[in-house]
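Let's take a look at this one together.

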Amino acid sequence: MKRERRWYDRMWIVSLTYLALGFFNILFAWLGLLCFFIPLIISAVRGNKAYCSKYCGRGQLFGLLGGSLGLSRKRNMPRWMRSKYFRYGFLIFFLVMFGVMLWNTYLVFAGARPLGQSVKLLWTLRLPWRWAYHGTLLSDGVAQFAFGFYSVMLTSTVLGLITMLLFKPRSWCVYCPMGTMTQLICKVKCDPVTEKSAESGHNQDKENERTCD
Amino acid sequence: MRNKARVSAEDCAACGCCVKVCPRAAITVPHGVCAVVDADRCVGCGKCVRECPASIISLEAAEA
């Protein structure tokens with residue numbers, strides 16, 4: 001029984017295009033903010049993780065490379081990597097590094113530091129990326145944010161590719177900081193829902209919540 | 001007795017990978033918290049078990 005293809009099954013093309021655009025003009029990196037805000041908005045407004053299972057282009061890309069193209073070893077991830085501690089730890093680390101990136105952007109905005117025309121891979125390797133910068137009409141800080149944000153996106157893609165090869169295709173989804181964050185939002189939102197469904201006698205919902213404790 | 005998928009909720013990331021591969025639409029992620037198997041629909045094919053990146057779904061014998 002094969003599921004009918006939907007428009008959102010091709011979001012992996014968007015993800016690939018995004019990564020490719022960063023090689024031509026770094027300012028396109030700003031578009032990546034959509035991958036930040038859309039999942040957060042969906043989880044906050046609708047209270048579900050539809051972004052992960054339906055619209056996430058990166059997840060689809062890993063699924064295709066590891067699954068259909070067979071690049072994944074399809075082994076279990078080590079237990080520590082799928083533990084809560086690692087997932088929340090990685091989220092905190094990711095947010096701290098994101099904060100550092102924002103601070104660097106601020107310094108360039110404030111004129112305290114010149115624009116660094118490079119992309120930082122895995123938070124340490126500085127890759128020259130000058131060819132993708134053709135100036136900006138706005139402040140240098142706008143470009144600095146683009147370099148910083150593209151670094152975040154490229155780093156997470158590389159990490160995801162490595163775990164895709166070593167473990168299961170969508171291993172990234174286990175420790176994806178966005179996924180952890182949206183799940184947290186859903187958990188917070190879930191509590192009042194439990195009470196409401198208990199009141200209105202939706203036993204199925206109540207049952208589901210109980211299994212989630 | 002037949003096998004049914006069972007999710008160990010503790011480490012579920014609610015990524016929904018299992019939802020995508022289930023041929024019977026027996027798995028859902030209610031409220032984005034964790035995956036839940038509808039035992040009436042599950043036929044124990046094990047697709048979700050293989051797909052789950054966190055390897056937290058298993059097949060267990062259950063009363064039919």
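## Trp123(A) and its partner

In this predicted model, Trp123(A) is partly exposed, at 26% relative accessibility. Its ring pairs edge-to-face with that of Phe93(A), with the centres 4.7 Å apart and 75° between the planes. Phe93(A) is partly exposed too, with a relative accessible area of 35%.

Where do the two residues sit? Phe93(A) belongs to helix α5 (residues 84-109) of chain A, while Trp123(A) is in the loop between β1 (118-121) and β2 (125-128) of that chain, so the pair ties together parts that are 30 residues apart in sequence.

## Another edge-to-face pair

Over all chains, the structure holds 20 aromatic pairs. One of them joins Trp80(A) and Phe86(A) edge-to-face, at 5.2 Å centre to centre and 90° between the planes. Trp80(A) is exposed, with 53% relative accessible area, whereas Phe86(A) is partly exposed at 22%.

## Where chain B meets chain A

Chain B brings 25 residues into contact with 30 residues of chain A. About 2300 Å² is buried between them, and carbon and sulfur atoms give 54% of that area. Lys20(B), His31(B) and Val33(B) supply 28% of what chain B buries here, more than any other three residues.

On the polar side, the rule finds 10 residue pairs in polar contact across the interface. There is also 1 salt bridge between the chains: Glu10(B) with Lys84(A), whose closest N and O atoms are 3.4 Å apart. The elements of chain B that give two or more residues to this side are α1 (17-21) and α2 (47-51), and α2(B) gives the most, with 3 residues. By type, the side of chain B that touches chain A has 15 nonpolar, 4 polar and 6 charged residues.

Conventions:
Residues numbered from 1 in each chain as written. Chains lettered and ligands numbered in written order. Predicted model: local features only at pLDDT ≥ 70, side-chain atom pairs only at ≥ 80, totals over all residues. Heavy atoms only, no water. Contact = heavy atoms within 4.5 Å. Buried area = accessible area lost by both parts, 1.4 Å probe. Salt bridge = Lys/Arg side-chain N within 4 Å of Asp/Glu carboxyl O. Polar contact = N/O pair within 3.5 Å; in protein donor to acceptor, adjacent residues only side chain to side chain. Helix = DSSP H or I, 4+ residues; strand = E, 2+ residues; numbered from the N terminus. Nonpolar A, V, L, I, M, F, W, Y, C, P; charged D, E, K, R; others polar. Phe/Tyr/Trp six-rings, centres within 6.5 Å; stacked < 30°, edge-to-face > 60°. Buried < 20%, exposed > 50% of the residue type's maximum accessible area, 1.4 Å probe, protein only.
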